[in-house]
Amino acid sequence: MGRQLRVLVVDDEPIVGKRLRPALEKEGHTVEVFEDGASALARIGERTFDIVVTDVRMDDIDGIRVLEAVQ
């Protein structure tokens, strides 16, 4: 197995996180799931992530703004 990654998943559709989390955790990664951009941005301010998977179209704060904050 490779290096354990910290993965952030942001999607306003709960099913996306429910499907991605177990698949990524099975590979040994740490996964945090958020259903809105504001919560994700708050967490990004507290911790760094190796990978961010985000929906582009979300209400209020979209995925592009989330990625800009990560960058």
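Predicted model: local features only at pLDDT ≥ 70, side-chain atom pairs only at ≥ 80, totals over all residues.
The largest nonpolar core comprises 10 residues, namely Leu 8, Val 10, Phe 34, Ala 40, Ile 44, Phe 49, Val 52, Met 58, Ile 61 and Val 66. At least two residues of this core come from each of two elements, strand 1 (6-10) and helix 2 (37-44). In soluble globular proteins, nonpolar side chains tend to be buried together.

Within helix 2, the buried residues are Gly 37, Ala 40 and Ile 44. When the helix is viewed down its axis, these buried residues fall within an arc of 60 degrees, so they line one face of helix 2. An α-helix has 3.6 residues a turn, so residues three or four places apart point the same way. The elements that cover the buried residues of helix 2 include strand 1, strand 2 (30-34) and helix 3. For Ile 44, when neighbours within four places in sequence are left aside, the contacts are with Leu 8, Phe 49, Val 66, Ala 69 and Val 70.

Val 53, which is located in strand 3 (residues 51-54), is partly exposed, with a relative accessible area of 34%. Residues up to four places away in sequence not being counted, Val 53 touches Val 7, Leu 8, Val 9, Val 10 and Leu 20. Val 53 and Arg 21, although 32 residues apart in sequence, are 11 Å apart in space from C-alpha to C-alpha.

Terms used: Residues numbered from 1 in each chain as written. Heavy atoms only, no water. Core = buried A, V, L, I, M, F, W, Y, C linked by side-chain atoms within 4.5 Å. Buried < 20%, exposed > 50% of the residue type's maximum accessible area, 1.4 Å probe, protein only. Helix = DSSP H or I, 4+ residues; strand = E, 2+ residues; numbered from the N terminus. Contact = heavy atoms within 4.5 Å. Arc of directions from axis to C-beta.
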